[in-house]
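Dear colleague,

Please find below the structure that I am handing over to you. My notes on it follow directly after.

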Amino acid sequence: MDLETYGWNDYFASALRELALEQCIPGRVVADHGGYLKVVTPAETIAEIAGGLTHTSEPYQLPKVGDWVALQLSDHNKATIRAVLPRTSEINRKAAGTGNVRQVLATNVDIAFVVQALDFDFNPMRLERYTYQLRQSNIEPTFIFNKADKALDLPEKVATIKALNVPFIITTATTGEGIDDIRAIVSKGKTAVFLGSSGVGKSTLTNALLGDERQKTAAVREADSMGRHTTSHRELFVLPSGGLIIDTPGIRELQLWGEEEYLSSSFRDVEELASQCEFRNCSHTKEVNCAVLRAIAQHTLPLVRLESYLKLKNELRASAVTMASLSAKQKKQRARRLRKATQLDEKLASDGELY
Ligand SMILES: Nc1nc2c(ncn2[C@@H]2O[C@H](COP(=O)(O)OP(=O)(O)O)[C@@H](O)[C@H]2O)c(=O)[nH]1
Ligand SMILES: [Mg+2]
Ligand SMILES: [Zn+2]
């Protein structure tokens with residue numbers, strides 16, 4: 001295997017040249033074990049982050065699974081990451097239990113598969129959150145609806161899914177149904193990621209694509225179909241068909257990170273209607289001449305679109321208000337606290353606690 005197999009290209013090659021670091025070779029981070037990272041050069045190497053890099057970086061800038069890094073090898077098969085090359089994309093969320101702090105889930109991703117299970121996990125509103133967050137990074141999502149063999153009310157769900165206007169694939173990971181459709185999208189050198197709650201079948205899908213039981217999977221609890229966090233860290237795999245896939249532990253809750261202005265690009269349909277409302281400050285909840293409510297009554301806009309729009313708008317506004325009301329000193333203190341919280345969050349994530 002060579003570095004191109006892992007997605008190395010001219011963009012990253014010239015970025016590395018520009019850094020002009022002596023004695024450094026390129027590598028891609030394929031696993032994050034908390035204390036150390038696994039990097040391919042393409043030989044598998046265990047790497048630590050250079051102290052200087054840790055001190056000068058915000059947590060979101062530190063190497064994550066998917067990153068291309070400049071690596072310095074030493075004698076004893078030890079390696080130090082000196083720099084992270086500029087990312088072509090990153091998948092963010094707001095770190096749990098903090099203010100507006102960015103946590104990076106994966107980087108240099110071309111394709112994001114948002115996985116839900118068709119038995120109990122199906123939740124269109126949550127899909128909208130993912131779509132919003134991914135479009136901020138210019139990543140178009142593809143939804144995967146897994147466990148088709150256990151689907152409840154499938155025709156009704158398919159109708160709801162179609163109204164979301166996002167490409168989707170229906171799969172049964174345990175029998176291989178739909179796997180070829182996923183494989184067709186993840187072409188050679190492209191990096192895809194599986195996102196979604198624990199227990200929906202991300203690792204089973206990964207194994208099906210690999211044709212190998214590389215990822216541990218766990219039976220879900222029968223009572224509530226909740227997963228058991230078998231996947232404890234993020235890891236990037238090379239598929240036999242040439243593409244790359246990142247399996248992630250389940251995300252319990254995707255809290256949004258970002259600016260309100262991005263909301264418009266994700267909800268052009270709602271905003272377009274909103275511009276036709278009678279009042280500029282229409283809340284689209286009770287007004288008589290509200291174009292948005294009219295479209296819902298006429299079934300030209302799905303209700304879930306408006307619900308998501310209002311919910312996301314409120315959430316983003318609330319965190320923006322909190323940040324704006326802080327003094328410079330408070331902001332500094334907060335940044336320090338958040339940095340600690342993120343480190344803890346990352347640690348919990350690597351322990352499989354949070355995801
Ligand atoms: N019936 C059924 N079970 C599945 C399917 N895909 C995965 N599972 C089961 O769901 C459980 C959780 O799968 P896993 O891949 O660990 O989920 P993850 O947490 O998203 O990685 C395991 O017992 C799998 O065997 C499917 O398509 N149909
Ligand atoms: Mg898993
Ligand atoms: Zn309105």
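Which residue is the bridge partner of Ala-47 in S5? The partner is Ala-79.

Before I continue, some conventions. This is a predicted model, in which local features need pLDDT of at least 70 and side-chain atom pairs count only at pLDDT 80 or more, while totals for chains, interfaces and linings use all residues. Residues are numbered from 1 along each chain as its sequence is written, chains are lettered from A and ligands numbered from 1 in the order in which they are written, and side-chain values use heavy atoms, with hydrogens and water left out.

Strand pairing

Strands are DSSP runs of E of at least two residues, numbered from the N terminus, and two of them pair if DSSP finds at least two bridges between them. Strand S2 (residues 37–40) and strand S3 (residues 44–49) run antiparallel and are joined by 4 bridges. Together S2 and S3 form a hairpin, with 3 residues between them; Val-39 stands opposite Thr-45 in S3.

S3 also pairs with strand S5 (residues 79–84), here in the parallel sense and over 3 bridges. Besides the pair named at the outset, Glu-48 stands opposite Thr-80 in S5. S5 in turn pairs with strand S4 (residues 68–73) in the antiparallel sense, over 5 bridges, and Ile-81 in S5 is the bridge partner of Leu-71.

The zinc site

The zinc ion (ligand 3) is coordinated at 2.1 to 2.4 Å by Cys-277 (SG), Cys-282 (SG), His-284 (ND1) and Cys-290 (SG). Donors here are N, O and S atoms within 2.8 Å of the metal (3.2 Å for Na, K and Ca); water is not among the atoms, so sites may look incomplete. The spacing of the donor residues in sequence is C-x4-C-x1-H-x5-C. The arrangement is tetrahedral because the 4 donor atoms subtend angles of 103 to 116 degrees around the zinc ion (ligand 3); the term requires all angles of four donors to lie between 85 and 135 degrees.

Cysteines and burial

Both Cys-277 and His-284 are buried, a term that means under 20% relative accessible area (1.4 Å probe, protein chains only). Cys-277 has a relative accessible area of 10%, and Cys-24 counts as buried at 16% relative accessibility. A search of the whole structure for disulfides finds 0, a disulfide being a pair of cysteine sulfur atoms within 2.5 Å.

With kind regards

Technical notes. Tetrahedral: all angles 85-135°; square planar, octahedral: opposite > 155°, others 65-115°. Buried < 20%, exposed > 50% of the residue type's maximum accessible area, 1.4 Å probe, protein only.
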